[in-house]
Amino acid sequence: MVPDHPFPPANKRLGQHFLIDPNIIRKIVTAAAVTPDDTVLEIGPGRGALTAALSKAARRVVAVEIDPLLHRLLQDRQTEWPNVELICADALKYPTDGFPTGTAVVANLPYYASTPLLFRLLEQRTRWSRMVLMLQEEVVDRLIAGPGRPDYGVLSVMAQHVAEMTKEFYVSPHCFRPKPDVGSAVVSVRPKTLPDRSVEEESRFGALVRGAFAHRRKTLVNSLRDEAYDQKSVTAALDALGISVTARAENLSVAQFVSLEARLSGSPS
Ligand code: SAM
């Protein structure tokens, strides 16, 4: 077990659940396949359990921690970690343009901010070669869910549209101090190479997916009608794509959402 002193008590408001199981730490670094050539961004180094392992495996680690108290305590270990740059900042705002293309992201994310952090990382996806992230298991299951599954929804489509998502392994609450109330899982995220899309195209796609799932129990045509989409255009687009007009959002694959959006915006793919 990793010792959990002389650190201050965990700040639950900041999602501080610290890994204490060295086996899980090893498995995360292995899943990320970190090599001595890698630059790694770690979000939320906390007490440094993962940081220490990343420091041994990578060429350079940039560790962004929001809590000034933890940041100061980590700085005391700087001599052990000459290749770690400790930054005290909010990772939701920290500028990432300075990171080389191909940087790996490895993090045990604070649960209160895991979705916004993940989506910010996905927006910046051309910078990252891969991300290995610990999240609430329930969120990971939604990220990897396919059509027809009850947990398939906006999160699944938006994430799988831009990245390959793989659930690596489950992590029990017993592997943390303090113990979280829910189970966790590690997910690997591999950004896809996609044609360049404008901000408007991205936001049209997001609006369509959110509109489609806004009324899950209705057909896609009716759900989109309720979200102010033209019913005739949606019906015609579904018809042209060979998708049943009685389909619900949960029946469409990510590729079908992409084709539907292209049809509706007049640029069939
Ligand atoms: N990496 C450590 C580990 O595995 O033991 C700590 C993980 S803990 C789940 C999440 C960490 O993220 C905490 O240290 C917390 O203070 C930090 N944190 C919370 N919100 C943050 C933010 N917006 N930006 C950067 N760090 C944040």
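**Around the ligand**

Begin by selecting the ligand and its shell, which by class holds 14 nonpolar, six polar and four charged residues; here Ala, Val, Leu, Ile, Met, Phe, Trp, Tyr, Cys and Pro count as nonpolar, Asp, Glu, Lys and Arg as charged, and the others, Gly among them, as polar. Please keep in mind that this is a predicted model, in which local features need pLDDT of at least 70 and side-chain atom pairs count only at pLDDT 80 or more, while totals for chains, interfaces and linings use all residues. Residues are numbered from 1 along each chain as its sequence is written.

Which of the 24 residues around the ligand come nearest? They are G44, G46, A91, N108 and P110, where a residue is near a molecule if its C-beta atom, placed from the backbone, lies within 6 Å of it. The elements that give two or more residues to this shell are β1 (18-19), α2 (49-57) and β3 (60-65); helices (H or I, at least four residues) and strands (E, at least two) are DSSP runs, numbered from the N terminus.

**The two domains**

Next, colour domain 1 (12-191) and domain 2 (199-265) separately, as the domain assignment of the chain gives them; such bounds come from an automatic or database assignment. The contact between them takes nine residues from domain 1 and 11 residues from domain 2, two residues being in contact if their C-beta atoms, placed from the backbone, lie within 7 Å. On the side of domain 1 that touches domain 2 there are five nonpolar, four polar and no charged residues.

**V157**

Now select V157, which has its place in helix α6 (residues 154-162). Is V157 buried or exposed? V157 counts as buried because it has 26 C-beta neighbours inside 10 Å, the cut-offs being 20 or more for buried, 12 or fewer for exposed, and partly exposed in between. Leaving aside neighbours within four places in sequence, V157 is in contact with V209, V254 and F257.

**Helix α9**

Finally, move to helix α9 (residues 231-240), where V234, A237 and L238 are buried. These three lie on the same side of α9, because they cover an arc of only 100 degrees around the axis, an arc taken from the directions from the helix axis to the C-beta atoms. On the other side of α9, K232, D239 and A240 are exposed. The buried residues of α9 pack against α8 (220-226) and α10 (254-264), and just after α9 you can find G242, which takes a positive phi of about 70 degrees.
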